[in-house]
Amino acid sequence: MKRLLFFSILFLFATNLSAQSNFYKWSAGVNIGGTLVYGDSDKKRVGYAYAGVVDYYFTPYMNLGFEFQAGKLKGGEIGIRSFENNYKTIAFNGRMQLGQFLNDDHLDSFIWRNLKGFYIGAGLGAIDNKVDITLPHTVGYFKNKEIFMPVNVGLNINIQRRWQEYSRIMVNVNYQTVVSFEDGMDGDYDLKSNSNDRYSFLSLGLRYNFGSIGLDQSKRRL
């Protein structure tokens, strides 16, 4: 009788465990893309940037991460007044994916299953501005540091082979708007302006999932 009770408990535990989903708690990767400044100049010019990210996942669909970003912000009329900002940023970002709110019934749908990696997020960071300001007969230099708020919208796409229990590789598409609390991203392009600057960063990236294994207590399929 005791042996039967033992195997019954073991069977129930194994059944419950198999219904839950495992996931890697850490992820790291890079993104590359284009930037666009929204400052005092009406003339927009496309720049470029790259970012390195490290994320920690509390659930398969909720994470907090660190991001380092560097690149170039451009704007203004070349030959009249223009600027180039060779900037660097560090930021902490939190993200929540749509999959956090889906269950197995939703994931049986082709649409929801492919949109489960859609996310929104926000954070806080600092930018180091190093701006060259070019005038017809002179070149100026502007440097400062500012606090900003990054807002992210994007999609994570897991690349999973049949023999894998959970995904190692993930493709990331991200649109980030960086809103500064000051007016120095464009090198104080218009001294009379008091409006805060912002820029956008549209990028494509790859992630590698690693580290300890977490257990999704919601029992959803990944």
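Modeller: Ready. Bear in mind that this is a predicted model.

Biologist: Start with the strand pairs. Which residue in β6 does asparagine 129 stand opposite?

Modeller: β5 and strand β6 (residues 138–159) run antiparallel and are joined by 16 bridges. A hairpin of two residues links β5 to β6. Across this pair, the residue opposite asparagine 129 is asparagine 144.

Biologist: How many bridges join β4 to β5?

Modeller: These strands also run antiparallel. Glutamine 97 stands opposite tyrosine 119 in β5. The bridges joining β4 to β5 number 14.

Biologist: What pattern does the protein follow along the sequence?

Modeller: The protein has three helices and eight strands. Of the contacts between residues at least 6 apart in sequence, 67% join residues at least 24 apart. Read along the sequence, the pattern is α-β-β-β-β-α-α-β-β-β-β.

Biologist: Now the interior. What percentage of the residues is buried?

Modeller: Buried here needs a relative accessible area under 20%. The protein has 222 residues. The buried share is 41%.

Biologist: Which elements give two or more residues to the largest nonpolar core?

Modeller: That core has 15 residues. Leu73, Tyr87, Ile127, Met185 and Tyr199 touch the most other members. The elements that give two or more residues to this core are β2, β4 (81–97), β5 (118–135) and β8.

Biologist: Take leucine 73. Which residues does leucine 73 touch, leaving out those up to four places away in sequence?

Modeller: Leucine 73 is one of the core residues that touch the most other members. Tyr87, Met185 and Tyr199 are also in that group. With near sequence neighbours up to four places away left out, leucine 73 touches Thr35, Val37, Phe83, Glu84, Asn85, Tyr87, Met185 and Tyr199.

Biologist: Which element supplies the largest share of the lining of the largest cavity?

Modeller: The lining has 17 residues, with Asp55, Arg95, Tyr119, Asn172 and Arg207 nearest the cavity centre. By class, six are nonpolar, seven polar and four charged. At least two residues each come from β1 (21–38), β2 (44–59), β3 (62–77), β7 (169–180) and β8 (198–216). The largest share, four residues, comes from β2.

Biologist: And the second largest cavity: how many of its lining residues are charged?

Modeller: This cavity holds about 50 Å³ of space. Its lining is Val37, Tyr38, Gly39, Asp40, Ser41, Lys43, Lys44, Lys74, Gly75, Phe83 and Asp186. β1 and β3 are the elements that give two or more residues to it. Three lining residues are nonpolar and three are polar, while the charged ones number five.

Note on methods:
Residues numbered from 1 in each chain as written. Predicted model: local features only at pLDDT ≥ 70, side-chain atom pairs only at ≥ 80, totals over all residues. Heavy atoms only, no water. 1 Å grid on protein atoms, 1.4 Å probe; cavity = no way out; pocket = protein on both sides within 12 Å on 5 of 7 lines; lining within 4 Å. Nonpolar A, V, L, I, M, F, W, Y, C, P; charged D, E, K, R; others polar. Points joined across faces, edges and corners; volume = space filled by probe spheres on them. Core = buried A, V, L, I, M, F, W, Y, C linked by side-chain atoms within 4.5 Å. Buried < 20%, exposed > 50% of the residue type's maximum accessible area, 1.4 Å probe, protein only. Contact = heavy atoms within 4.5 Å. Pairing = 2+ DSSP bridges.
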